Amino acid sequence: MEIRKIKMKDANNYLDMLLNLDKETKFMMFEPGERPTDINIAKNIIEKSINGDNLVLVATDDENIVGFLSVQRGVPKRIKHTGYIVVGIREKFRGKGIGSKLFLELDIWARKNNITRLELSVICSNTVAKHLYEKNGFEIEGVKKNAMIIDGKYVDEFFMAKLYNN
């Protein structure tokens, strides 16, 4: 298992992993078949990671991408110190320490890039992810009521953040 920054040659593999995640979990934003499949969108995300504006880390098992962590950095000066995180790990590979390894690399990147606040949201019933985030220094800051509709029912999300003292 390798954790590394994404490369342009990963575009198709990355998109395939995201599409598979959409089928495997109800905790991601997109439902199966809803995610855009234009490879140029994936390439644009990768380009922004390569040039340093944002970050996309991937977990690979041989040639396959089995998980990711992405950070979209704030653009205006007033929020340039922040980053919004999305994490996903393929079902078969959960519980193997991949999430913790992704967060270790994230910490290194955040400190090097003067990020002092990382943010994410997590569906309140996703206790496994919530535990991973808390284990890695994130704290609940609030609850967004009726944040999403999953299987026809409203679900709430926790807003969580981690602050760095750079």
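Helices (H or I, at least four residues) and strands (E, at least two) are DSSP runs, numbered from the N terminus.

Before going on, a word about what is on screen. This is a predicted model, in which local features need pLDDT of at least 70 and side-chain atom pairs count only at pLDDT 80 or more, while totals for chains, interfaces and linings use all residues. Residues are numbered from 1 along each chain as its sequence is written, and side-chain values use heavy atoms, with hydrogens and water left out.

**Stop 1: the other side of α4**

Now select Ala129, Lys130, Leu132 and Tyr133, which are buried in helix α4 (residues 127–135). Looking down the axis of α4, you will find its buried residues within an arc of 160°, so they line one face of the helix; the arc is that of the directions from the helix axis to the C-beta atoms. What do the buried residues of α4 pack against? Show β4, α3 (98–112), β5 (117–123), β6 and β7, and you have their packing partners, with contact meaning heavy atoms within 4.5 Å. Just after α4, stop at glycine 137, which takes a positive phi of about 95°.

**Stop 2: the whole protein**

Zoom out and colour by secondary structure. The protein has 4 helices and 7 strands, and from the N terminus on the elements run β-α-α-β-β-β-α-β-α-β-β. Its radius of gyration is 15 Å, close to the 15 Å that the globule rule gives for 166 residues, so the protein is as compact as a globular protein of that length. That radius is taken over C-alpha atoms, and the rule is 2.2 Å times the number of residues to the power 0.38. Along the principal axes, the C-alpha atoms fill a box of roughly 40 × 35 × 30 Å. Of the 166 residues, 43% count as buried.

**Stop 3: the sheet**

Select the strands next. In what order do the 7 strands of the open sheet lie? The order is β1-β2-β3-β4-β5-β7-β6, with mixed pairing; two strands pair if DSSP finds at least two bridges between them. At the edges are β1 (2–5) and β6 (139–150), each pairing on one side only.

Strand β7 (residues 153–163) runs antiparallel to β6, and 8 bridges join them. To see one of these, pick glycine 142 and its bridge partner in β7, phenylalanine 159.

β1 and β2 are antiparallel and joined by 4 bridges; lysine 5 has leucine 57 in β2 as its bridge partner.

**Stop 4: β2 and β3**

Stay with strand β2 (residues 55–61): 6 of its 7 residues are buried, so β2 is largely enclosed by the rest of the structure. Strand β3 is mostly covered as well, with 8 of its 10 residues buried. The two strands run antiparallel, joined by 7 bridges. Pick valine 56 and you will find serine 70 of β3 opposite; pick alanine 59 and the residue opposite is glycine 67 in β3. The hairpin of β2 and β3 has 2 residues between the strands, and aspartate 62 there takes a positive phi near 60°.

**Stop 5: on to lysine 80**

From β3, step across to β4, its antiparallel partner over 7 bridges. Arginine 73 stands opposite glycine 83 in β4. Now follow the loop between β3 (64–73) and β4 (82–89) to lysine 80.

Is lysine 80 buried or partly exposed? At 37% relative accessibility, lysine 80 counts as partly exposed. Leaving out residues up to four places away in sequence, lysine 80 touches Arg73, Gly74, Val75 and Ile115.

Methods: Buried < 20%, exposed > 50% of the residue type's maximum accessible area, 1.4 Å probe, protein only.
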